[in-house]
Amino acid sequence: MNERKKLKKQLVEKYIFKKYLSSAEVRKILSESPKDKHDTLFASLTVGCVKINAVVFPTPDCMTMGYDILVKDTPDSTEWICYDTLNDEVKYNALNLEQEMFNTLNREVEKYGLSYTDCNFEVVNGKVVNKE
């Protein structure tokens, strides 16, 4: 069993793949002028404490694609923190977009010592302001 299927079975409801736009819709957005455009999420893969979003975003010259890697600071947190943005080639019309996104996410998890089940971040407590 490959790593993706193993994690999908292990994490059950904490493994979520969603595709928001079809390949044709993504092609249409990519062909548009970037003027007055914004980031558009077209697919997302959540694997426990890490997530990868495939987005189309404007540059000065054209619309392009990339990945955002997000993490949680605690496993039960509802908030996601942007960890990195990748300019990897996004194969939005791939037969198995989920596997493509998992391969990219898994590479980043291994490269930076992230974890699908644990949050490896040092807790930094802010200053407490006393009312006087």
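The model is predicted: local features need pLDDT of at least 70, side-chain atom pairs count only at pLDDT 80 or more, and totals for chains, interfaces and linings use all residues. Residues are numbered from 1 along each chain as its sequence is written, and side-chain values use heavy atoms, with hydrogens and water left out.

Start with the overall layout. The protein chain has 3 helices and 5 strands. Helices (H or I, at least four residues) and strands (E, at least two) are DSSP runs, numbered from the N terminus. Read from the N terminus on, the order of elements is α-β-α-β-β-β-β-α. Along the principal axes, the C-alpha atoms fill a box of roughly 55 × 50 × 25 Å.

Next, burial and surface. Of the 132 residues, 39% count as buried. Buried means under 20% relative accessible area, exposed means over 50%, and partly exposed is in between (1.4 Å probe, protein chains only). The chain exposes about 8600 Å², and carbon and sulfur atoms supply 49% of this area. Accessible areas come from the Shrake-Rupley method with a 1.4 Å probe; for residues, only the protein chains shown count as cover. Contacts (heavy atoms within 4.5 Å) can be sorted by sequence separation. Among those with a separation of 6 or more, residues 24 or more positions apart account for 53%.

Now the sheet. It is open, with 5 strands in the order E1-E2-E3-E4-E5 and antiparallel pairing. E1 and E5 are the edge strands, each pairing on one side only. On average, neighbouring strands are turned by 20° against each other, direction ignored. Two strands pair if DSSP finds at least two bridges between them. E3 and E4 pair in the antiparallel sense over 9 bridges. Within this part of the sheet, Ile-52 stands opposite Ile-69 in E4.

The helices come next. H1 packs on the sheet and touches E1 and E2; its direction makes about 115° with that of E1. H2 lies across E1, E2, E3 and E4, and runs at about 115° to E4. For these angles, axes are lines fitted to C-alpha atoms, for helices over the stretch in contact, and angles run from 0 to 180 degrees between N-to-C directions.

H3 spans residues 97–112. From its first C-alpha to its last, this 16-residue helix reaches 23 Å, close to the 22 Å expected at 1.5 Å a residue. The expected span is 1.5 Å times one less than the number of residues. The buried residues of H3 include Leu-97, Met-101, Phe-102, Leu-105 and Val-109, along with Glu-98 and Glu-108. What covers the buried residues of H3 includes helix H1 and the strands E1, E2, E3, E4 and E5. After H3 comes Gly-113, whose phi is positive, near 65°.

The structure holds 8 salt bridges. A salt bridge is a side-chain nitrogen of Lys or Arg within 4 Å of a carboxyl oxygen of Asp or Glu. One of them joins Glu-3 and Lys-6 at 3.5 Å, N to O. Both residues lie in helix H1, 3 residues apart, about one turn of the helix. Glu-3 is partly exposed at 34% relative accessibility, and Lys-6 is partly exposed at 45%. Another salt bridge links Lys-28 with Glu-32, the closest N and O atoms being 3.0 Å apart. Here Lys-28 is exposed at 53%, whereas Glu-32 is partly exposed at 22%. In H3, Glu-108 is buried. Glu-108 forms a salt bridge with Arg-107, with 3.1 Å between the closest N and O atoms. Glu-108 has a relative accessibility of 3%, while Arg-107 is partly exposed at 37%. Salt bridges that share partners also join Arg-4, Lys-8 and Glu-98 into one network.

Finally, the backbone. Most residues other than glycine have a negative phi. Val-12 has a positive phi of about 45° although it is not a glycine. Val-12 lies in the loop between H1 and E1 and is exposed at 52% relative accessibility. Asp-36, also not a glycine, has a positive phi near 60°. Asp-36 is found in the loop between H2 and E2. With a relative accessible area of 72%, Asp-36 is exposed.
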